[in-house]
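Please look through the sequence and the model shown here.

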Amino acid sequence: MALSRGWKSPRSHCILKAVGSTGLPLLSWSLCPQRGAGSFTNPDMKAFLEENTQVTSNGSLTPEIQLRLLTPRCKFWWERADLWPYSDPYWAIYWPGGQALSRYLLDNPDVVRGKSVLDLGSGCGATAIAAKMSGASRILANDIDPIAGMAITLNCELNQLTPFPILTQNILNSEQGKWDLVVLGDMFYDEHLADSLHRWLKNCFWTHGTRVLIGDPGRPQFSGHNIQHQLRKVVEYTLPEPTRQENNGLTTSTVWDFQP
């Protein structure tokens with residue numbers, strides 16, 4: 001299965017890791033080139049995504065959210081990864097950390113109601129969508145892949161939501177904006193990136209008093225990082241069986257409150 005052996009490895013707990021000559025994941029979030037947002041309205045790309053993804057709400061912690069994802073019913077689940085014509089589609093997997101965050105926001109709308117929310121490394125946009133459904137007043141979805149930006153737009157429309165702003169730049173290289181809440185799921189999959197995120201999130205907290213919620217299913221790069229000394233467990237969810245199978249047997253996913 002090309003997807004599980006290539007595209008899914010940097011954020012999954014797999015033994016088969018997609019690494020380059022540096023030993024880092026081929027798609028390192030903090031190192032990828034930036035591309036403009038014009039791709040969001042590219043009709044050919046939109047048609048390609050609609051043809052090669054499946055609309056689904058099954059097998060996740062949030063059945064009330066519909067998403068366009070790569071599933072075993074899609075051609076490119078089985079094709080060689082190098083035949084996919086765009087950047088690696090990490091946005092096409094609903095990762096377990098994002099599932100936990102989204103479930104928590106849907107179950108606890110007071111966390112986001114009337115507040116400004118930054119969804120960092122948004123991927124498919126599910127957590128930003130959950131924040132919107134729960135009454136957030138302002139949302140920014142950030143992912144450096146402009147194809148993720150189009151996928152987020154399509155997923156908003158699937159859920160009868162007006163698409164919110166999407167930023168496709170490496171926000172870790174930018175000055176921190178003022179947000180009431182920053183959410184990020186499944187981002188601690190690489191040691192270098194984990195260090196960069198830790199520094200940036202501490203600056204957000206100390207500069208603006210921003211609350212930070214992190215979703216992660218227990219990846220070693222997260223559970224073994226120094227950030228563990230600054231976390232409070234909020235809630236732990238048992239993952240549905242389909243998500244367990246797609247993530248090499250991970251069984252739970254946790255939401256953490258970052259308190260440096």
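Gln160 is exposed, with a relative accessible area of 67%; exposed means over 50%, buried under 20% and partly exposed in between, with a 1.4 Å probe and protein chains only. Gln160 sits in the loop between H6 and strand E5 (166-167). Helices (H or I, at least four residues) and strands (E, at least two) are DSSP runs, numbered from the N terminus. The phi of Gln160 is positive, near 55 degrees, and the residue is not a glycine. Most residues other than glycine have a negative phi.

This is a predicted model, in which local features need pLDDT of at least 70 and side-chain atom pairs count only at pLDDT 80 or more, while totals for chains, interfaces and linings use all residues. Residues are numbered from 1 along each chain as its sequence is written, and side-chain values use heavy atoms, with hydrogens and water left out.

Asp186, also not a glycine, has a positive phi of about 65 degrees. Is Asp186 buried or exposed? Asp186 is buried, with a relative accessible area of 2%. Its place is the loop between strand E6 (181-185) and helix H7 (191-208).

Strand E6 belongs to an open sheet of seven strands, in the order E5-E4-E3-E6-E7-E9-E8, with mixed pairing. Two strands pair if DSSP finds at least two bridges between them. E5 and strand E8 (231-238) each have a single partner strand and stand at the edges, so one side of each has no neighbour in the sheet. Strand E3 (residues 116-120) and strand E4 (residues 138-142) run parallel and are joined by five bridges. Asp119 stands opposite Ala141 in E4.

Helices pack on this sheet. Helix H5 (residues 126-133) touches E3, E4 and E6, and its direction makes about 175 degrees with that of E4. Contact means heavy atoms within 4.5 Å. Axes are lines fitted to C-alpha atoms, for helices over the stretch in contact, and angles run from 0 to 180 degrees between N-to-C directions.

Now the helix pair. The axes of helix H2 (residues 43-52) and helix H6 (residues 146-158) come within 11 Å and cross at roughly 65 degrees. That makes H2 roughly perpendicular to H6, a term for angles of 65 to 115 degrees, with under 35 counted as roughly parallel, over 145 as roughly antiparallel and the rest as oblique. Met45, Lys46, Leu49 and Glu50 in H2 meet Ile147, Met150, Ala151 and Leu154 in H6.
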